[in-house]
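Visitor: Please show me the model, and then let us go through the terms used to describe it, one by one.

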Amino acid sequence: MKSFLLMLSFFTRLPVPHVEYEEARYKNGIKYVPIIGLLVGFILFGLSKLIHYLKYDLGYGMQIGNFDLIAMATLFIVYIVTTGAIHLDGVADTCDGILSGRERAKMLEIMKDSHIGVFGVVGLMVWGASFFVLLETINQLTLILLPVVGKSAMILSAYMAPYARKDGFGRFFSEGCRGKHGQLIWTLIVLILVSFISPMIGGIGLNLQAALTYMLCIATALSAVIVMTAYFKKKLGGITGDTLGFTCEVSQIVFGVSTLFLHWIG
């Protein structure tokens, strides 16, 4: 339980009892990371259901101008507040480093710099616009899986590649995942289970077609993670805490877009 609470305090801003940090406790808690993503997904799903109730059952959608825009902005803000925007720093730093076009050592130095550059600002703007549009267009059930995919993406990336620095807090996450087959298998099991459970939560029962559709979208997102990780390994010599955050957020967008694409062609 302490490992779970420790990871919950790291990856969300939800109020939890204080747990003393220990490296072994942190590494042991990595297996809970997809579950924490599921918790965030439930928060977004619950808020989306509330918005639906206010819009259609209480009629606020007709009474309040720009109701949909306000609703999506609320979802967007709640996601950022709940996660503490923990991965957005990684999005900005990774864009600054990778897009600088410098040699490997300089890229890593730029990514470690606490100041944000032009590429980082642009990267955050692109992420923000993409994520906001996704929240406006994906269905409620996809909201449950979205953060689970993002958190699982970090585990897959850390499993595949070594840590690129000699130090850094992300090293502990990397060491807890690198080559750990059990960690990866557990993560994939969670993804498969949530693919089946999400339609049931949405009230459509055990729907094999919906579950398989979600699994196909998950496979697409994880394929993107494999490509991104291979690229980071080539450019940086491995992954860092920043690239893990970047991978988390980008994989969520890939997953969301995949669900929209399959819905469009279906």
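Guide: α3 and α5 are roughly antiparallel to each other. This is a predicted model, in which local features need pLDDT of at least 70 and side-chain atom pairs count only at pLDDT 80 or more, while totals for chains, interfaces and linings use all residues. Residues are numbered from 1 along each chain as its sequence is written, and side-chain values use heavy atoms, with hydrogens and water left out.

Visitor: Why are α3 and α5 called roughly antiparallel?

Guide: Helix α3 (residues 33–57) and helix α5 (residues 67–83) pack at an angle of about 160°, with their axes 10 Å apart; because angles over 145 degrees count as roughly antiparallel, the pair is given that name. The crossing of α3 and α5 is also right-handed.

Visitor: Which residues of α3 and α5 meet?

Guide: On the α3 side they include Val40, Ile43, Leu44 and Leu47, and on the α5 side Phe67, Ala71, Leu75 and Val78 are among them, where contact means heavy atoms within 4.5 Å. The residues of this contact divide into 11 nonpolar, 4 polar and 2 charged.

Visitor: What is the volume of the largest pocket, and which residues are the closest to its centre?

Guide: The volume is about 460 Å³, and of the 22 residues that line this pocket, Phe169, Gly170, Thr240, Gly241 and Asp242 are the closest to its centre.

Visitor: Which helix supplies the largest share of the lining of the largest pocket?

Guide: That share, 4 residues, comes from α13, and the residues of the lining divide into 10 nonpolar, 7 polar and 5 charged.

Key: Axes fitted to C-alpha atoms, helices over the stretch in contact; angles between N-to-C directions. Helix = DSSP H or I, 4+ residues; strand = E, 2+ residues; numbered from the N terminus. Parallel < 35°, antiparallel > 145°, perpendicular 65-115°, else oblique. Left-handed = near helix turned anticlockwise from the far one by under 90°. Nonpolar A, V, L, I, M, F, W, Y, C, P; charged D, E, K, R; others polar. 1 Å grid on protein atoms, 1.4 Å probe; cavity = no way out; pocket = protein on both sides within 12 Å on 5 of 7 lines; lining within 4 Å. Points joined across faces, edges and corners; volume = space filled by probe spheres on them.
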